[in-house]
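Subject: Structure handover

Hello,

Here is the model we talked about. Please open it alongside this message; my notes on pockets and surface follow below.

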Amino acid sequence: MFYINNCSFYSERIWFSVNTSFSSVGDHRQSETPTLTVMHITWLRRHNLIADALRQATGITHDETLFQEAKRIVVAELQHIAYNEFLPEVLDNRHMTIFNLRSRRVGHDNTYNPSVDPRTYNAFGAAVLRMGHSLVRNVVGHDNGRGGVRTHLLKDHFERPDPMFWPPS
């Protein structure tokens, strides 16, 4: 499992203070916005859930092996969501077909061409970055678990994801 400030994400009730550091997660961007932090924690928990299931199902005890196998599964799940749920919402059918972005209903694709350059053109990367940032809302909601939602301006919580760690009120 991954830990932040010696607190396991598996714990049901963990409330971090406003000054909690997330630097031990390995990437400074995880706390850019509260919603991004939620995504990081969700996938971290998913990874740990899969690693635990693999340990129980296979008897593998080597941490690095469990980490890499769980990572492989989580990456496949992320790719599945990107290609089957996200891209069809932002691209039309024509472009999904032209660029062969549809997943197979059954099985997988063994096509690999080592002569294809996998790098992204800078202009494409910049355009996608701008498009992705345009999807970020300027208000973040916080559900207290009992139907009450508090909203927070994103500008007040950029690099401070503290609203998501406040106890329900």
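What is the volume of the second largest pocket? It is about 770 Å³. The lining of this second largest pocket is made by 18 residues, and Q79, Y83, S103, H108 and D109 are the closest to its centre. Sorted by class, that lining has nine polar, six nonpolar and three charged residues.

Keep in mind that this is a predicted model.

Now the largest pocket. Its volume is about 1400 Å³. It is lined by 33 residues, with L36, M39, F86, G132 and L135 the closest to the centre. Helix α2 gives the largest share, eight residues. At least two lining residues come from each of α1 (34–58), α2, α4 and β3 (139–143).

F86 deserves a look of its own. It sits in helix α2, which spans residues 63–90. Its relative accessibility is 38%, so F86 counts as partly exposed.

One backbone point. N100 is not a glycine, yet its phi is positive, at about 50°. You will find N100 in the loop between α3 (93–98) and α4 (122–134). N100 is exposed, with 61% relative accessible area.

Best wishes

Conventions
Residues are numbered from 1 along each chain as its sequence is written. This is a predicted model: local features need pLDDT of at least 70, side-chain atom pairs count only at pLDDT 80 or more; totals for chains, interfaces and linings use all residues. Side-chain values use heavy atoms; hydrogens and water are left out. Helices (H or I, at least four residues) and strands (E, at least two) are DSSP runs, numbered from the N terminus. Buried means under 20% relative accessible area, exposed over 50%, partly exposed in between (1.4 Å probe, protein chains only). On a 1 Å grid over the protein atoms alone, a cavity is a set of points where a 1.4 Å probe fits but cannot get out, and a pocket is an open set with protein on both sides within 12 Å along at least five of seven lines; lining residues have an atom within 4 Å of a point. Grid points are joined across faces, edges and corners, and a volume is the space filled by probe spheres set on the points. Ala, Val, Leu, Ile, Met, Phe, Trp, Tyr, Cys and Pro count as nonpolar, Asp, Glu, Lys and Arg as charged, and the others, Gly among them, as polar.
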